[in-house]
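The following paragraphs give a guided reading of a single model. Please keep the sequence and the coordinates at hand while reading.

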Amino acid sequence: MEWKFVEPSGGHFFVELTGKSDVVRVAHSRYFVLNNVWGADTPQTIRVDVRNGDFTIVHAEHSARNRVAAYPAIIKGNHWELSTTSSGMPIKVGKLISLLSSWSFTPVDSGRWSAAYDLWFSPLSDSKAGYPGGTELMLWLDRRGAVPDGSPVTLVTINDIEWEIWFEKGKREWAYVVYVSSRPVYHVDNFNLLEFVMDCVARGWIEKDWYLHAVEAGFELWEGGVGLASSNFSVLLG
């Protein structure tokens with residue numbers, strides 16, 4: 001995707017992203033927020049606070065049945081052609097000492113969606129062409145009417161929450177892993193993402209000499225999505 005940067009004007013703190021590939025730098029370029037409509041041609045608008053990256057979906061006409069229409073998200077790291085400043089990524093998985101994140105979101109009782117972290121891993125240190133041969137690791141904190149691709153594998157307890165693990169390999173250039181929370185989790189503080197990474201390492205889905213490229217949080221949208229809101233996102237690597 002060819003990204004289109006949008007800049008705030010007139011000293012305003014808020015911008016609206018309406019184009020499929022619109023992106024804005026937030027929090028002094030430590031993060032990006034993407035409109036990221038990649039699976040459909042339906043309109044979508046998100047309103048972003050450039051001071052901190054908080055965003056709300058204010059317009060969406062998605063009605064996809066079997067394909068995610070969009071993943072509006074805030075990211076830290078390297079997302080295809082995008083790279084945030086001073087992210088500490090890419091970094092080899094085996095060199096990660098800690099990986100903590102905070103995030104809050106507001107759900108809605110309409111549409112079909114998931115509220116999810118998305119972490120990208122690859123054997124390659126360059127992510128401009130994507131993550132071939134790597135793994136996409138998602139953590140679904142909440143969902144409405146959505147089911148992951150692949151098949152359920154097992155249940156596991158991480159960070160005092162029971163998760164159902166789904167796995168799929170073969171449809172994409174990378175493996176796809178989803179941990180689905182057994183209950184809605186609307187806020188996490190210093191959430192230990194490394195526990196999920198090392199669980200995948202133990203299952204042979206991620207290698208320690210691979211690179212972590214990005215940590216993202218947002219909403220996978222199949223239908224609707226208006227009113228979903230993201231706030232207080234941060235990522236700290238150690």
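**Salt bridges, a pocket and its strands**

Glu223 and Arg112 meet through their side chains in a salt bridge, at 4.0 Å from N to O; the term denotes a side-chain nitrogen of Lys or Arg within 4 Å of a carboxyl oxygen of Asp or Glu. Glu223 belongs to strand β17 and Arg112 to strand β11, so the pair ties together parts that are 111 residues apart in sequence. Strands, here and below, are DSSP runs (E, at least two residues), numbered from the N terminus. Glu223 is partly exposed, with a relative accessible area of 31%, whereas Arg112 is buried at 17%. Buried stands for under 20% relative accessible area, exposed for over 50%, and partly exposed for what lies in between, with a 1.4 Å probe and protein chains only.

The model is predicted, and local features need pLDDT of at least 70, side-chain atom pairs count only at pLDDT 80 or more, and totals for chains, interfaces and linings use all residues. Residues are numbered from 1 along each chain as its sequence is written, and side-chain values use heavy atoms, with hydrogens and water left out.

Side chains of opposite charge can pair when their charged atoms come close. Across the whole structure, seven salt bridges are found. One of them links Arg172 to Asp149, with the closest N and O atoms 2.8 Å apart. Arg172 sits in the loop between β14 (161-168) and β15, and Asp149 in the loop between β12 and β13 (151-158), so this pair ties together parts that are 23 residues apart in sequence. Arg172 is partly exposed, at 26% relative accessible area, and Asp149 is partly exposed at 30%. Through shared partners, salt bridges join Asp149, Glu168 and Arg172 into one network. A further salt bridge joins Arg51 and Asp49, whose closest N and O atoms are 2.9 Å apart; Arg51 is partly exposed at 45%, while Asp49 is buried at 7%.

On a 1 Å grid over the protein atoms alone, a pocket is an open set of points with protein on both sides within 12 Å along at least five of seven lines, and lining residues have an atom within 4 Å of a point. β11 (112-122), β12 (135-144) and β17 (211-223) are the elements that give two or more residues to the lining. The pocket holds about 700 Å³ of space, a volume being the space filled by probe spheres set on the grid points, which are joined across faces, edges and corners. Its lining residues comprise 15 nonpolar, four polar and 10 charged.

Val68 lies in the loop between β6 (55-60) and β7 (73-79) and is buried, with a relative accessible area of 10%. Beyond its neighbours within four places in sequence, Val68 is in contact (heavy atoms within 4.5 Å) with Trp38, Gly39, Glu220, Leu221 and Trp222.

How many of the 10 residues of β12 are buried? Eight are, and the strand is thus described as mostly covered. β12 runs antiparallel to β11, to which nine bridges join it; among the partners, Trp140 in β12 is paired with Ala116. With β15 (residues 175-181), β12 pairs in the parallel sense over six bridges, and Thr135 stands opposite Ala175 in β15. Two strands count as paired if DSSP finds at least two bridges between them.

How values were computed:
1 Å grid on protein atoms, 1.4 Å probe; cavity = no way out; pocket = protein on both sides within 12 Å on 5 of 7 lines; lining within 4 Å. Helix = DSSP H or I, 4+ residues; strand = E, 2+ residues; numbered from the N terminus. Nonpolar A, V, L, I, M, F, W, Y, C, P; charged D, E, K, R; others polar.
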